[in-house]
Amino acid sequence: MARSSEHALSFGRAVGDYDRGRPSYPAEAVEWILEQIDPAHPAPTRVVDLGAGTGKFTAALVDRGLTVVAVEPDALMRERLTQNLPTVSALEGSGEKLPLDDTSVALITVAQAWHWVDVAATSLEVARVLEQGGALALVWNIRDSEVDWVARLGEVIGASEAEKYGSQAPPVGPPLERQAYREFRWVAEMSREQLFAMVTSRSYVITMAEAERDVMLARLGKLLDEHPDLAGRTGYPVPYVTRVTIARIAA
């Protein structure tokens, strides 16, 4: 892992909040990712979702009728993924050590997780596993802070590693190179419980001192109760920008 293992492997301690509070992904983004595979390559039927967590992005691939192999290092997250998606093969592994054969898949997706890997080592592993014409899709959901209450939410809860990383062009190592990029704007409808769970499922909140976390959550509640766009609501339309970068093996 390129960053703190304590943070990277903390999510299983809040697996319920992660499953409840993390948003899904827009169907248009999944469609575009699949279109990026070399047209000369047969349509993929087997793909890999790396850093799959509880299966948030995995589910979007399954919904397309694909056979998905999920790779996830956290045992508790893998257990929840298997409960959510019993048809998916969930394997222990990491970007630096993929439990997959050479040239065995046409597509590898990494949603909300590339910032946890060693980029150089994982790029080599991805290149080893990809078939000719295959692609790596790096995906991030980023809240749209151009909306005032969302900007204020960011002031209350801070920025996660994913948000810091996903807001810039993600690095890849040789022999991969970035070749395409697109953004998708959409809205996730969240209940109050889901919005709180989205916050408490973040690694830096999971590992935060209890008193500090309580202060943050009290400020979150105050924002939801008092902001003019939110006061009196029981549901919250959270605007997102899904950012997708496609990388392939350089010619």
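Me: Is Glu125 buried or exposed?
Reply: In this predicted model, the relative accessible area of Glu125 is 14%. The cut-off for the buried class is under 20%. Glu125 is therefore classed as buried.

Me: How many residues apart in sequence are the parts tied together by Asp144 and Arg185?
Reply: Asp144 forms a salt bridge with Arg185, and their closest N and O atoms are 2.9 Å apart. Asp144 lies in the loop between strand 5 and helix 7, whereas Arg185 belongs to strand 6, so the pair ties together separate parts of the sequence. Asp144 is buried at 13% relative accessible area, while Arg185 counts as exposed at 53%. The separation in sequence is 41 residues.

Me: Which helix holds Asp225, the salt-bridge partner of Arg192?
Reply: The closest N and O atoms of Arg192 and Asp225 are 3.0 Å apart. The pair links distant parts of the chain, 33 residues apart, with Arg192 in helix 9 and Asp225 in helix 11. The element asked for is helix 11 (residues 210-226).

Me: How far apart in space are Ala121 and Gly173, C-alpha to C-alpha?
Reply: Ala121 is placed in helix 6 and counts as partly exposed at 29% relative accessibility. In sequence, Ala121 and Gly173 are 52 residues apart. Their C-alpha to C-alpha distance is 8.0 Å.

Terms used: Residues are numbered from 1 along each chain as its sequence is written. This is a predicted model: local features need pLDDT of at least 70, side-chain atom pairs count only at pLDDT 80 or more; totals for chains, interfaces and linings use all residues. Side-chain values use heavy atoms; hydrogens and water are left out. Helices (H or I, at least four residues) and strands (E, at least two) are DSSP runs, numbered from the N terminus. Buried means under 20% relative accessible area, exposed over 50%, partly exposed in between (1.4 Å probe, protein chains only). A salt bridge is a side-chain nitrogen of Lys or Arg within 4 Å of a carboxyl oxygen of Asp or Glu.
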